[in-house]
Amino acid sequence: SGSIPPELGNLQLSTYWQDVSLNLSNNQLSGKIPAELGNLVLTTYSATASLNLSNNQLSGKIPTELGNLRLNNTQSEKISLNLSNNHLSGAVPSSLASALIDSLNLSYNRFKFDGMELIAQELPWAKYSHQKIIAVHLSNNSLSVSAGGTLSNNKYHWHKVGEPGAYNFAGDSVFYPFESGNYYVRVTNKIATNLTLSSDTVTYTAPTLSNAVSINDALTKNLLSVYPNPATDVMYVRTGSNASFSLLDQSGKTLLTKNINKTGNIKLSQFSAGEYYLKNNNTNEIIKVIILN
């Protein structure tokens, strides 16, 4: 138990025919991984070398210095680094992708997509699946998560408990639910394809419809439903079909056009307070909407 002594980085481990390994796995080690472990010199003449810190309680970031692991080997250059089943988090250092690492296991930690895209590209055989559940943040009328990585590479699959299918959004970590219920999200990344981040479940209460048309009526009768109205940051739109909608000012000038397939939302933060009109371009139905500061 306890922390890993940084002095272990002074070791020079050597074998001839057998694997050479510093194996501290399956203990109760805690704290951070000492950067000094990157100074290890592993020597083997016909086998492989490894550093195994798996199945402990190590936390914090992976030190960049682990990319300096050295191997003296007359036959091949193979280093195995196993950091799985710990509490590690943060960005995965790019030095691991440029090191002489032949096997890398980062599974069952608390990593997101930060740095994982580079690992997936440079070390496609690396193991990095099954990370800790991420938190959903509830703010006003929106849900959001932080999944790390390049936002445009992420796809957010929002699910409502008890309903099949998902609301899928590429490059947008904020979700505006249309109905009250329990929601969770799964996030994928088009580069780090072996990892799917899953969230906890959060209870969401949708704003009350301010117009007379109910959601069910809007879907059944193909009517346009807008709520809340007046609105501030976002306005929800529901209709029974796939249609193009335009937001018009008092003079009839088109300020925004958006395609909505049965359910969607329009962000309003870019518009000044006042009266506007939302038009269904397919049916010419128009509803007056009010934007507040």
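These notebook entries record what I looked up in the predicted model above.

**Ground rules.** I number residues from 1 along each chain as its sequence is written, and I leave hydrogens and water out, so that side-chain values use heavy atoms. As the model is predicted, local features need pLDDT of at least 70 and side-chain atom pairs count only at pLDDT 80 or more, while totals for chains, interfaces and linings use all residues.

**Entry 1: overall form.** I counted 3 helices and 23 strands in the chain; these are DSSP runs, H or I of at least four residues for helices and E of at least two for strands, numbered from the N terminus. The radius of gyration is 26 Å, well over the 19 Å of the globule rule for 293 residues, so the chain is more spread out than a compact globule. I took this radius over C-alpha atoms, and the rule is 2.2 Å times the number of residues to the power 0.38. Along the principal axes, the C-alpha atoms fill a box of roughly 80 × 35 × 35 Å.

**Entry 2: burial.** I find that 44% of the 293 residues count as buried, that is, under 20% relative accessible area with a 1.4 Å probe, protein chains only (exposed is over 50%, partly exposed in between).

**Entry 3: aromatic pairs.** My search of the whole structure gave 4 aromatic pairs. Rings of Phe, Tyr and Trp (its six-membered ring) pair if their centres lie within 6.5 Å; planes under 30 degrees apart are stacked, over 60 edge-to-face, and the rest tilted. The ring centres of Tyr 183 and Tyr 204 are 6.3 Å apart with planes at 80 degrees, so I record the pair as edge-to-face. This pair links distant parts of the chain, 21 residues apart: Tyr 183 belongs to strand E16 (residues 181-189) and Tyr 204 to strand E18 (residues 202-204). Both tyrosines, Tyr 183 and Tyr 204, are buried. I noted Phe 271 and Tyr 276 as a tilted pair, 6.2 Å centre to centre and 50 degrees between the planes. Phe 271 and Tyr 276 are buried too. One aromatic cluster consists of Trp 158, Phe 175, Tyr 183 and Tyr 204.

**Entry 4: Leu 40.** I located Leu 40 in the loop between strand E3 (30-31) and strand E4 (41-43). Its relative accessibility is 0%, so Leu 40 counts as buried. Gly 9 lies 31 residues from Leu 40 in sequence, yet their C-alpha atoms are 5.0 Å apart. Leaving out residues up to four places away in sequence, I list Leu 8, Gly 9, Leu 11, Leu 22, Leu 51, Leu 69 and Arg 70 as touching Leu 40, with contact meaning heavy atoms within 4.5 Å.
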